[in-house]
Amino acid sequence: MTVATNAWFTKYFTDNTYDEMFKPDLSVKGDWNTLLENFKQIGVEGLTQRQNDINWLLEENGVTYNVYNDPNGLNRPWNLNVVPFLLDIKEWQQIEKGLKQRADLLDKVLKDVYGERKLIKEGIVPHEVIYGHRGFLRQCDKIHYKIDRHLLLYAADLARGSDGRMWVVNDRSQAPSGMGYALENRSTANRVFADIFADMNIKRLSEFFKEFNELLVEASPEKIENPNIVILTPGSHNETYFEHAYLASFLGYPLVQGNDLVVRDGHLYMKSLKGLKRVHVVLRRVDDVFTDPLELREDSHLGVAGLLDVVRRQNVSIVNPIGSGILENPGLIPFMPAISRFFLKEELHLPQIASWWCGQEKERKYVLENLSKLVIKPIDRTNREHIHFGELLSEIELEALRKEIEKKPYHFVAQEHISFSTTPNFSKGNFEPRNMVARTFTMAGKNGYNVMPGGLVRVASERDNLRVSNQRGGTSKDFWIIGNNKNEEQPSFNWNRKSAVSVSGLDDLPSLTAENLYWAGRYVGRTLVNARFLRMVLKQMNSTEASHQQVGAVKLDTLYKAVTQMTGTYPGFMEDSTNGKSALENPLEEIVSVVLNRNRVGSLANTMSMFSNSYYSIRNLWSSDMWRVFENIQKIWRNLENEKDLTITKLIRALNQLITRLIAFMGLIEESIMVDQGLLLYFIGLQLEQSMLTITKCRSLLVIKQPGQTEYEVLESLLSSHESLNIYRYSYRSYIRIEPVISLLLMDLHYPRSLAFQLGRLQKDIARLPHSIKSDVLMNYEKYVFEAFASLRLASSESLAKINSEDSLIREDLDKLLEKLSDLLFQTSQAISNTYFNHTYKQSQLVDQNFPL
């Protein structure tokens with residue numbers, strides 16, 4: 001097939017850039033031709049539909065890439081183009097050989113830099129290249145490891161060079177990202193292209209991940225059957241957090257943050273609800289300098305104080321070792337051929353971009369004479385220093401850069417400006433060429449290094465855009481290595497440990513994860529209760545009777561003030577109109593603010609935001625069904641925020657949708673994880689929040705006696721907001737009166753929505769917490785709940801409904817009881833947090849790391 005025979009490519013070529021699909025005579029390469037024949041059978045409409053299927057699957061599975069300061073929100077959907085990237089097995093074998101060599105070489109460099117430093121002593125690498133890079137950590141000098149290879153995981157960015165060969169563009173060694181996205185890309189493509197996968201011999205990724213799991217197990221400093229392995233993440237706001245959670249879920253290891261870990265007696269431990277649990281291996285996604293605030297960056301909240309000391313004692317393995325960021329130094333690239341000859345006695349198998357370190361006079365002179373043709377990089381980009389494309393700079397900017405290089409030459413490296421090859425991208429019914437970069441992954445195995453048969457391919461966001469970056473809106477592709485024999489048997493995925501050991505208990509639950517589960521329960525409960533209450537108030541506002549009757553107006557004033565008390569959005573409706581404009585003068589405006597003002601503490605929008613944050617922080621625990629419902633909730637909320645000309649009816653409709661999805665979400669939570677895997681914490685948070693809001697609601701609407709018909713309508717509104725009106729009618733079959741309302745909502749042990757039932761369940765749940773089980777006496781949080789439950793059980797609905805004085809409108813006994821219960825539950829919350837979620841302990845450095853020793 002040639003380009004002329006396919007209408008999809010009529011506008012494909014605009015220049016002479018090397019393209020991955022076509023030969024110089026514009027004929028299609030063999031494997032690409034097979035792919036195009038499959039696409040031809042699918043057709044444009046079919047291919048468009050499959051792209052839509054891919055977009056839907058990624059959205060359904062919650063695949064995101066966090067983009068800082070993105071106006072569309074933090075969690076941008078991951079993009080995967082329907083056209084994969086193909087490489088023939090023969091070319092791949094040469095690339096694979098070069099990647100193994102480069103990983104082996106960089107491992108030797110890492111050992112030498114923190115060991116004998118022969119490269120500097122023998123003049124192979126100038127000392128400024130090493131010591132001028134902030135990735136060199138003196139604190140890691142002379143650290144010994146129990147593992148043969150120090151560089152356990154290595155990623156290389158490859159691009160097609162001017163000679164038609166794949167060149168190394170970047171080395172990634174600290175905490176290389178992309179493996180999880182590559183796996184998700186393959187999983188998605190496999191589902192959408194099951195028919196094509198059967199027709200083409202595509203190398204599978206499963207064996208690589210099986211071996212990667214074995215690598216983590218074998219990395220343990222203590223050779224035990226089932227070492228404790230954790231994945232250390234900076235948190236849910238990190239750009240690749242989805243991948244951290246995805247790998248944690250896929251590999252079955254706890255996802256932890258720095259506050260989940262602590263050093264004791266020269267060992268690393270994970271803080272769980274039951275106490276400290278020894279950690280043997282850490283797969284880290286935190287950059288070097290943030291891993292230990294005691295010895296490295298003191299302002300870091302991402303690492304673990306004393307971690308480096310545990311590494312020195314050989315009591316934990318870090319993948320990759322702290323200090324490996326020095327290998328990402330572009331200043332090493334010009335010296336890599338000499339390094340290879342020095343260590344391996346051979347030339348590099350994979351070419352790399354021509355580079356010149358400006359610390360050498362001859363090279364600096366060449367760079368300054370050709371500044372407009374080169375790409376200038378600082379050798380150290382740990383502080384996000386800029387890359388300068390000479391051809392894009394003005395004369396004034398070039399002169400300023402020239403002076404900067406002359407002032408600090410050792411700080412800069414120049415590289416040849418190469419034009420990346422292009423690969424086809426399907427867009428709007430046509431194929432367009434896009435510049436591409438392929439990230440490959442190499443890991444240490446028992447007999448050398450192993451390379452993932454594929455990887456993560458990224459392409460530019462626009463046709464003529466030279467920048468290939470996810471942060472700039474780039475798109476990804478699945479990476480297919482095409483084998484020779486279509487009948488070749490692919491390795492089957494066989495995931496196993498040496499022995500079956502259950503780790504699904506509270507002792508395996510990181511304390512920060514437990515806290516997020518607890519707060520997820522509280523925020524879900526708060527969102528649901530307040531959404532129902534606001535919906536009820538809006539319905540009352542929409543009633544035509546309320547606008548014409550004095551009774552309705554008094555009732556609404558009471559409900560408005562209850563909104564402020566329920567949400568805590570003071571002053572709100574509680575403000576006296578004599579001190580300025582009262583919210584009661586324009587209640588809809590205030591209600592809209594309570595619903596949608598994200599910056600207002602206590603608002604529904606603010607609570608939704610907190611709920612989303614807690615959810616993202618533990619998304620590795622949730623099922624795909626939960627993610628779909630959660631994403632649906634987010635869509636409803638985004639649509640409401642973008643709605644113009646909000647009316648009461650539109651608000652009610654949106655709240656109806658939100659409430660329905662929240663109920664579905666809450667039901668799915670109980671199917672996703674076991675009680676002893678953390679669901680218990682969610683239940684405790686949920687019951688505690690619902691109990692506290694039930695108390696607040698009853699204090700707002702029951703304590704003050706309303707006149708005549710108003711009392712009836714307030715009670716009816718209360719029952720309606722509590723989803724208890726039908727239950728009341730079925731149970732009492734009478735006119736709505738205060739005493740049976742108190743009995744039903746507060747004291748009925750058999751009604752799941754009553755306060756007594758909620759406190760009884762809360763009492764049972766907290767008795768299952770680790771400290772409760774271990775102790776022969778009641779913990780503080782148990783005492784508070786026990787006292788609250790007992791106080792409620794000792795009260796009578798008759799006495800609580802009474803007005804003690806003819807001159808008073810206050811049900812004093814009810815008010816005192818509810819106030820006491822509120823205080824006790826607040827103390828319960830504080831006691832649970834102090835017992836299980838205290839992360840405030842911080843160690844400080846005794847020496848300023850910026851002070852020269």
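Modeller: Buried means under 20% relative accessible area, exposed means over 50%, and partly exposed lies in between, with a 1.4 Å probe and protein chains only. This is a predicted model, in which local features need pLDDT of at least 70 and side-chain atom pairs count only at pLDDT 80 or more, while totals for chains, interfaces and linings use all residues. Residues are numbered from 1 along each chain as its sequence is written, and side-chain values use heavy atoms, with hydrogens and water left out.

Biologist: How many salt bridges does a search of the whole structure find?

Modeller: The search finds 37 of them, where a salt bridge is a side-chain nitrogen of Lys or Arg within 4 Å of a carboxyl oxygen of Asp or Glu.

Biologist: Which residue does Asp141 form a salt bridge with?

Modeller: Its partner is Arg117, and the closest N and O atoms are 2.9 Å apart. The pair links distant parts of the chain, 24 residues apart, since Asp141 is in the loop between α4 (127–131) and β4 (153–160) and Arg117 is in the loop between α2 (89–113) and α3 (118–121). Helices (H or I, at least four residues) and strands (E, at least two) are DSSP runs, numbered from the N terminus.

Biologist: Is Asp141 buried or exposed, or in between?

Modeller: Asp141 is partly exposed, because its relative accessible area is 26%, whereas Arg117 counts as buried at 16%.

Biologist: And what about Glu295 and Arg312?

Modeller: Those two form a salt bridge whose closest N and O atoms are 2.6 Å apart. Glu295 lies in the loop between β11 (281–284) and α9 (307–312) and Arg312 lies in helix α9, so the pair ties together parts that are 17 residues apart in sequence. Glu295 counts as buried at 18% relative accessibility, while Arg312 is partly exposed at 34%.

Biologist: Where do Asp765 and Arg761 lie?

Modeller: Both are in helix α23 (residues 755–766), four residues apart, which is about one turn of the helix. Asp765 is buried, with a relative accessible area of 8%, and Arg761 is partly exposed, with 29%.

Biologist: Which residues are linked in a network of salt bridges?

Modeller: Glu20, Glu91 and Arg160 are linked in such a network.
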